[in-house]
Amino acid sequence: MHEIIIEAIARGGYLGIAVLMALENIFPPVPSEVIMGIGGVLVERGEMAFWPLMLAGTIGSTAGNYAWFWLGDRWGYRRLRPFIDRWGRWLTLDWEHVEGASRFFRRHGQWVVLILRCTPVFRTMISLPAGLAHMNVWRFLAFTFVGAGAWNALLVIGGAALARYLEGYEHVFGWIVLGLVGVTLAAYFWRVATWTPRERGED
């Protein structure tokens, strides 16, 4: 099964990587750790090259984040709230999350877009308040591209190193890949099934 996942990503090529990374930032639960980590495995196998993979993954990440930025920048608070109220369950996002992220953005400034893109925490979430605050679009794209590139490099290098370390133990690597996919999907569907917006829960 893990070979099917790896082969599917390999067949999609660099364009497929870019599309998957864009989707990962727009709608859960496709994890970037799996996408770029497998990309690292393919680099180690000689089936992909490091820099084209990095460019494709980082362009995809930037495009996906820009979708949320555009939504906040163009719609604003008034038009965005009905959208979040309607689709929040599937996005596992409620209005309190948006307000909390906006407060965080205002408190720490625009540099958090760059810093958080290099971490596994709030990497995509910060794009929405950046749009709501009407951050300069070129600065947003530059910060996002650099931060996403740094994060993707860690994932690719980590995937390549893991492939080398587990060489000859493909069954172990397979369980790691399937485990990451399974845990991510299970966590997403569990959250959707048990979703209660915080405002509703407080009533």
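Modeller: Start with how elements are named: helices (H or I, at least four residues) and strands (E, at least two) are DSSP runs, numbered from the N terminus. This is a predicted model, in which local features need pLDDT of at least 70 and side-chain atom pairs count only at pLDDT 80 or more, while totals for chains, interfaces and linings use all residues. Residues are numbered from 1 along each chain as its sequence is written, and side-chain values use heavy atoms, with hydrogens and water left out. Ser61, for instance, sits in helix H3 (residues 50–91).

Biologist: How many helices and strands does the protein chain have?

Modeller: The protein chain has nine helices and zero strands. Read from the N terminus, its elements run α-α-α-α-α-α-α-α-α.

Biologist: Is Ser61 buried or exposed?

Modeller: Buried means under 20% relative accessible area, exposed over 50%, and partly exposed in between (1.4 Å probe, protein chains only). Ser61 has a relative accessible area of 0%, so Ser61 is buried. Glu24, in helix H1 (residues 2–26), is also buried, because its relative accessible area is 12%. Of the 203 residues in the protein chain, 44% are buried.

Biologist: Which residues does Ser61 touch?

Modeller: A contact means heavy atoms within 4.5 Å. Leaving out residues up to four places away in sequence, Ser61 touches Met21, Ala22, Asn25, Arg117, Ala148 and Asn152. For the protein chain, take the contacts between residues at least 6 apart in sequence: 77% of them join residues at least 24 apart.

Biologist: At what angle do the axes of H3 and H7 cross?

Modeller: Axes are lines fitted to C-alpha atoms, for helices over the stretch in contact, and angles run from 0 to 180 degrees between N-to-C directions. The axes of H3 and helix H7 (residues 137–165) cross at roughly 135° and come within 8 Å. Angles under 35 degrees count as roughly parallel, over 145 as roughly antiparallel, 65 to 115 as roughly perpendicular and the rest as oblique. H3 and H7 are therefore oblique to each other. Their contact includes Ser61 of H3, along with Ala148 and Asn152 of H7. By class, the residues of this contact are 15 nonpolar, eight polar and no charged; Ala, Val, Leu, Ile, Met, Phe, Trp, Tyr, Cys and Pro count as nonpolar, Asp, Glu, Lys and Arg as charged, and the others, Gly among them, as polar.

Biologist: How many charged residues are in the contact of H3 with H4?

Modeller: First the geometry: the axes of H3 and helix H4 (residues 95–108) cross at roughly 140° and come within 9 Å. H3 and H4 are therefore oblique to each other. Their contact has three charged residues, with five nonpolar and one polar.

Biologist: What is phi of His134?

Modeller: Most residues other than glycine have a negative phi. Phi of His134 is near 55°, a positive value in a residue other than glycine. His134 lies in the loop between helix H6 (127–132) and H7.
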